[in-house]
Amino acid sequence: MVSVPRLVIAAPSSGSGKTTVATGLMAAFAERGLAVSPHKVGPDYIDPGYHALATGRPGRNLDAYMCGPDLIGPLFAHGASGCDLAVVEGVMGLYDGASGQGELASTAQVSKLLRAPVVLVVDASSQSRSVAALVHGFASWDPEVRIGGVILNKVASDRHEALLREALDESGLPVLGVLRRAPQVATPSRHLGLVPVAERRTDALDAVRAMGERVREGCDLDALMALARTAPALPGEAWEPQAHPAPLTRPVVAVAGGAAFTFAYAEHAELLTAAGAEVVAFDPLHDEKLPAGTAGLVIGGGFPEMYAPELSANEPLRRAVTALAASGAPVAAECAGLLYLARELDGRPMCGVLDASARMSERLTLGYRQAVAVSDSVLTAAGTRMRGHEFHRTVLEPGSGENPAWGLLQPERRVEGFVQGGVHASYLHTHWAAEPGVARRFVERCGG
């Protein structure tokens, strides 16, 4: 049994203020000296970076589509182990999930799997008495979702607050916080969401502090903590990366990081380490060499299109990556990593491992995918089924090689990505906790 006080921060729709409230709560409770475990529903990589700044702990994702509902509780327990409180930021609207698949991957589903009370963040800027109807509808839609209170956001004045509170008195749900209309906390966005922490660390720290201050001033932290403590114990054990017999020498797996490659799930490094690897981070924007002794390379997602000139200018590292791939060493590249391995990105020379050209596009490709491995690779055997997520505004031509990485089954059937030698490169983001054999297979190919 796992017993950790916890709250799920949800909203009727995107743009209501979930990130401000969730991050602010994390910061405010951390300032009280509590160990706060930060979580995010869905595949988003960016918000967890702000959560990590607020708490000093890795931000972790809870994605019931990619990992399956059965792993949500164990993954939560793994991340929240030893903590005084867990705060889970929802995704989109409370009941919005994977398209056409009911509640799957919704905040509502995750709240039920975690048996956690929900705090509904409501944008009250254009309503007064109607707020009661809105809250009543969300609270009564699914009796298994326990909404424990409301935080009103973008409230204009004392008079506006009084009208809202009067309306909600009849709902039976307590108002746990009121945030006044204020200039947007400085968290700039661009085509895929917020600008990641790694690109603006000092400003991001200031933004997190400002969120914490707003929430501390506007919310009843004691009442929120009391609500969190009503969450019952979760049955079952925490997820742990399966350890394997230690190899004679631990192969070095280099993992790209820095401002251009910020998208990573914390569990991936944990799985690689448990499989026997020594995981070493490096920054392709600044490091001219791969880490000493690199036997395998992982290049995750991010925003290489924002740094194409700098990545291209680092010729020594590009040559090192090309040489490593040519040697047959395992290389796993997702999305941004795929672009970095291409011949060029927006006309700038990249590593040239793949005979393909990438460019920015006006079209956003976004959504969950069901996939089957087309070719044997350093990650999977042909026929392995996994679920993933595509999220990019770039186009790669051609989109697949002679040996594609994946066959995508939904929403359209097509092949995608490249398997050549030891390289597996694809637009598809996957969560290796759903298929822990991926990390083990990769490390074995590194000579572990």
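The structure is a predicted model, in which local features need pLDDT of at least 70 and side-chain atom pairs count only at pLDDT 80 or more, while totals for chains, interfaces and linings use all residues. Residues are numbered from 1 along each chain as its sequence is written, and side-chain values use heavy atoms, with hydrogens and water left out.

We begin with the sheet. It is open and is formed by 7 strands in the order β3-β2-β4-β1-β5-β6-β7, with parallel pairing; strands here are DSSP runs of E with at least two residues, helices are runs of H or I with at least four, and both are numbered from the N terminus. Two strands pair if DSSP finds at least two bridges between them. Because β3 (60-62) and β7 (175-180) stand at the edges, each with a single partner strand, one side of each has no neighbour in the sheet. Within the sheet, β1 (residues 6-10) pairs with β5 (residues 118-123) in the parallel sense over 3 bridges, and the bridge partner of I9 in β5 is V119. Helix α5 (residues 130-141) packs on the sheet and touches β5 and β6 (147-155), its direction making about 145° with that of β5; touching, or contact, means heavy atoms within 4.5 Å. Angles run from 0 to 180 degrees between N-to-C directions, and axes are lines fitted to C-alpha atoms, for helices over the stretch in contact.

Helices α1 (residues 18-31) and α8 (residues 221-228) pack at about 100°, with their axes 12 Å apart. Their contact is made by L25, A28 and F29 of α1 and L221, L224 and M225 of α8.

A pocket is an open set of points on a 1 Å grid over the protein atoms alone, where a 1.4 Å probe fits, with protein on both sides within 12 Å along at least five of seven lines, and lining residues have an atom within 4 Å of a point. The lining has 43 residues, of which F261, T262, F263, A264 and Y265 lie nearest the centre.
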